[in-house]
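Okay, thanks for coming, everyone. Let me put the model up and then walk you through a few spots in it.

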Amino acid sequence: MNKCTDNRCAADFMDVASLRALQLERLQKIVAHTYNNVEFFRKRMDERNIKVSDIKTLDDIQKLPFSKKIDLRDTYPFGLCAVPMSEIVRLHASSGTTGKPIVVAYTKEDLEVWNQVMVRGLAGAGLSEKDIIQIAYGYGLFTGGLGAHYGSEALGATVVPASVGNTQRQVMLMRDFGVTGICCTPSYFLHLIEQAALAGIDMRDLPVRVGIFGAEPWSQGMREQLEKGAGIEAFDIYGLSEIIGPGVAIECTEHSGMHIFEDHFYPEIIDPDTGEVLPDGELGELVLTTLSKFAMPMIRYRTRDLTRIIAEPCKCGRTIRRIDRISARSDDMFIIRGVNVFPSQIESALLTVPGVTANYLIILTTEKGMDNIELQVEMSPEAFSDQVKVLEGLQRNIAKAVESVIGLRIRIKLVAPQTIARSEGKAKRVIDQRLKN
Ligand code: ADP
Ligand code: ZN
């Protein structure tokens with residue numbers, strides 16, 4: 001058992017009965033706070049004739065109405081704030097991957113909670129005050145940069161606030177400062193590895209040993225490319241602005257799901273079509289309730305992220321439950337010839353084939369009135385020099401692997417290394433040029 005040596009992680013190992021009692025106490029408090037201070041929420045409860053006092057057990061949470069991203073948009077910017085502006089010390093906005101940004105707010109205490117969960121997560125990944133951590137998430141309204149920054153600082157580590165961009169300089173900083181941990185999107189780290197190689201630096205020779213990667217879905221194949229390419233241990237971290245930012249859940253060194261800091265973020269899994277709550281272990285949409293965030297509490301927020309709760313005890317000894325890797329974000333889904341497809345499905349199939357990199361792009365077009373899908377894939381430099389025959393074989397293998405997952409034969413176009421545009425934040429995997437009618 002790998003008990004965390006940082007005593008700030010104690011809540012991760014709390015006995016389950018005390019954890020449930022703490023969750024209930026916090027739930028009752030946050031529901032009362034939200035009811036009393038957010039008109040939008042009060043109206044919804046009143047309409048359903050639900051009283052704060054109806055929340056007597058954790059299961060009673062199911063009586064409460066869901067909230068959705070549209071609620072944040074409809075009340076933009078501050079309609080869901082539950083404290084006066086004088087108590088709000090920070091605003092962030094979601095990165096706007098899916099439309100108009102939404103605003104989130106924090107009190108001083110909320111920021112403290114954010115720091116605490118980040119400290120627990122980073123410590124669980126084996127980082128400590130002895131580490132030098134480079135933050136290569138964007139700084140600014142996006143929660144990734146500042147969330148990882150202040151969390152690492154609270155851990156006591158030495159923080160290098162590199163932000164995104166200027167990739168060659170990032171590599172230089174990593175080398176010159178002896179950076180041992182890095183926080184960024186997995187796709188950006190892949191880019192850093194490549195850029196280092198172009199500058200004649202093998203990332204495996206640098207002291208960096210831990211990568212904390214999140215903000216976008218990534219596959220097991222991607223993990224292998226990152227770990228092998230840089231000689232590091234990669235940890236999946238999950239979060240979203242509406243709930244707090246990064247640090248909602250993170251892997252421990254067992255790497256079998258992400259421990260969710262459920263003393264602060266209460267998880268449920270629902271059937272996305274019916275809203276019915278599903279038992280632990282079943283795949284569905286993750287719904288989160290913030291148990292200790294006061295500026296902008298979220299009650300039963302539908303994340304649109306698909307995963308399942310892993311309730312079995314983890315070998316690490318943590319008692320907080322885990323969620324599985326986010327298998328898909330329902331916003332990313334596209335429909336092609338009647339089939340629902342997630343880019344993450346294509347990525348996992350693609351990366352089972354040797355000779356390709358995790359740099360890919362899905363292009364949807366209309367040809368002769370029909371939907372067409374093409375997958376552009378960058379070859380590894382070694383595969384690139386192969387003969388045409390070998391490349392044709394590679395193409396066929398990719399097509400087969402993808403077909404076995406999505407049930408569609410799609411066109412594969414192999415492209416030279418370094419030809420697909422790199423993103424500094426969340427990677428853009430799909431270009432939809434289909435004619436809309
Ligand atoms: P936006 O909705 O504009 O992307 P955020 O920056 O708050 O706003 O991003 C949160 C979303 O990013 C999550 O809901 C999820 O879809 C995705 N995400 C974050 N971390 C991960 C992760 N580790 N794996 C997969 N998806 C992730
Ligand atoms: Zn664990």
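So, start with helix α9, residues 343–350, and helix α11, residues 388–406: their axes come within 8 Å and cross at roughly 135°. Helices here are DSSP runs of H or I with at least four residues, strands are E runs of at least two, and both are numbered from the N terminus. The axes are lines fitted to C-alpha atoms, for helices over the stretch in contact, with angles running from 0 to 180 degrees between N-to-C directions. That makes α9 and α11 oblique to each other; under 35 degrees would be roughly parallel, over 145 roughly antiparallel, 65 to 115 roughly perpendicular, and the rest is oblique. Who makes the contact, meaning heavy atoms within 4.5 Å? On the α9 side we have Gln345, Ile346, Ala349 and Leu350, and on the α11 side Ile398, Ala401, Val402, Val405 and Ile406.

Quick housekeeping. This is a predicted model, where local features need pLDDT of at least 70 and side-chain atom pairs count only at pLDDT 80 or more, while totals for chains, interfaces and linings use all residues. Residues are numbered from 1 along each chain as its sequence is written, chains are lettered from A and ligands numbered from 1 in the order in which they are written, and side-chain values use heavy atoms, with hydrogens and water left out.

Another helix pair: α1 and helix α2, residues 39–47, pack at about 105° with axes 6 Å apart. Val31, Thr34, Tyr35, Asn36 and Asn37 of α1 meet Glu39, Phe41, Arg42, Met45 and Asp46 of α2.

While we're in α1, look at Gln28, which is found in that helix. Gln28 is partly exposed, with a relative accessible area of 31%; the classes are buried under 20%, exposed over 50% and partly exposed in between, using a 1.4 Å probe and protein chains only. Not counting residues up to four places away in sequence, Gln28 touches Val52, Ile55 and Lys56.

Now the metal. Which residues coordinate the zinc ion, ligand 2? They are Cys252 through SG, His259 through NE2, Cys314 through SG and Cys316 through SG, at 2.1 to 2.3 Å. Donors are N, O and S atoms within 2.8 Å of the metal (3.2 Å for Na, K and Ca), and with water not among the atoms, sites may look incomplete. The angles among the four donor atoms run from 101 to 117°, and the site is tetrahedral, a label that needs all angles of four donors to lie between 85 and 135 degrees. Along the chain, the donor spacing is C-x6-H-x54-C-x1-C. Cys314 and Cys316 are both buried.

Cys316 also turns up at the other end of a contact: leaving aside neighbours within four places in sequence, Lys3 is in contact with Phe13 and Cys316. Lys3 itself lies in the segment before α1, 16–37.

The peptide bond from Tyr76 to Pro77 is cis, with omega near -5°, and Pro77 sits in the loop between α3 (69–74) and β1 (88–93). Asn166 isn't a glycine, yet has a positive phi of about 50°; look for Asn166 in the loop between β4 (158–160) and α6 (167–177). Ala215, not a glycine either, has a positive phi of about 80°, and is placed in the loop between β6 (210–214) and α8 (220–230).

Key: Four donors count as tetrahedral if all angles lie between 85 and 135 degrees; four count as square planar and six as octahedral if opposite donors are over 155 degrees apart and all others between 65 and 115; anything else is irregular. Contact means heavy atoms within 4.5 Å.
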